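Please look through the sequence and the structure shown here before reading the report that follows.

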Amino acid sequence: MATGVLTTGTMPTQAELRSFARVASHLLAEHPTPALGARTVKRRAGVGLQHLDHRDYAPGDEVRHIDWRQTARLQRPIVRQFEAETSGDWFLMLDASSSMAVGDGAKWRAAVRAATAMSYALLEIGHRVAVIAFASDVVDEVAPGRGARHFPGIVRSLQRLQPARTGARSNLAACVRRLAGTASALVISDFLGPSDLRPDLSALRQRCVLLHALQVHDPLALRLPGPGPIELQDVETGESLTSDADAVAEAGARAAMADHALRLRRFSSRSGIAFTSWDIALPWQLVLLDHLVRARAV
């Protein structure tokens, strides 16, 4: 699947996307059992009778599926994808609140990379994908779409979006009405909000076939300048306090963050949510693939 709009830096490279999609496709191809009353999902790329889309040839593809006309036109091997009957709708929800922009915005860049890669892999096997960015309300949205032509629109949306530096709170509940019970959803957030956004996750879970939660956290953001008094400010609410910056305070911040992740993990386990806490120093490919492997047991 060609993109034509990727840039270096924040976005994964085309080679990284193709490599990730080849492995992730085996973990995403089997859609989970629909919720009670849900409609059978429509189609995915597979071995069927009706042509669905094109993508670049990958090792292991059958030669008989090569589209020689497209191959000659594009000067690289292109294969046909065919319709099967086990695809569905996916909603990728990105937290664009001010806490995601803390420091140099590393958490936001990590979230964008993960959303880009998941979009590519899901579209590659025929799922429909929508992307929603939320803060105090929904701040951007890409409507559900399928196939290679849909991917550039997702990339353009993610490239132009930046979290507000201050004043934008996390309100995941704003996304709930977008789901109707027949989709899967992935929330990418630091979950720094009222009650760790757990009530919002519960509301989403009731409207999903399967809910994934990827918590991004940046250990570098917990480093305090010091020693000495500093003013700390909640970038979402504007509330501030004065504290002493020293090794004890920094250790306390790290312990609080670990406790935050543990609460979310236990809540997700009880609620049937596939949850991963991601130290963004780790490669996104390894984290996403590990998450998808463990999500199959949820």
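Is Cys208 buried or exposed? Cys208 is buried, with a relative accessible area of 3%, where buried means under 20% relative accessible area, exposed over 50% and partly exposed in between, for a 1.4 Å probe and protein chains only.

## About the model

This is a predicted model, in which local features need pLDDT of at least 70 and side-chain atom pairs count only at pLDDT 80 or more, while totals for chains, interfaces and linings use all residues. Residues are numbered from 1 along each chain as its sequence is written, and side-chain values use heavy atoms, with hydrogens and water left out.

## Cysteines

Cys175 is also buried, with a relative accessible area of 0%. If a disulfide is taken as a pair of cysteine sulfur atoms within 2.5 Å, the count is zero disulfides.

## The sheet

Six strands, in the order β5-β4-β3-β6-β7-β10, form an open sheet with mixed pairing; strands are DSSP runs of E with at least two residues, numbered from the N terminus, and two of them pair if DSSP finds at least two bridges between them. The edge strands, each pairing on one side only, are β5 (138–145) and β10 (273–279).

Strand β3 (residues 89–95) and strand β6 (residues 183–189) run parallel and are joined by six bridges, and Trp90 stands opposite Ser184 in β6. By contrast, β4 and β5 run antiparallel, with five bridges between them, and a hairpin of three residues joins β4 to β5. Here Phe134 stands opposite Val138 in β5.

Methods:
Helices (H or I, at least four residues) and strands (E, at least two) are DSSP runs, numbered from the N terminus.
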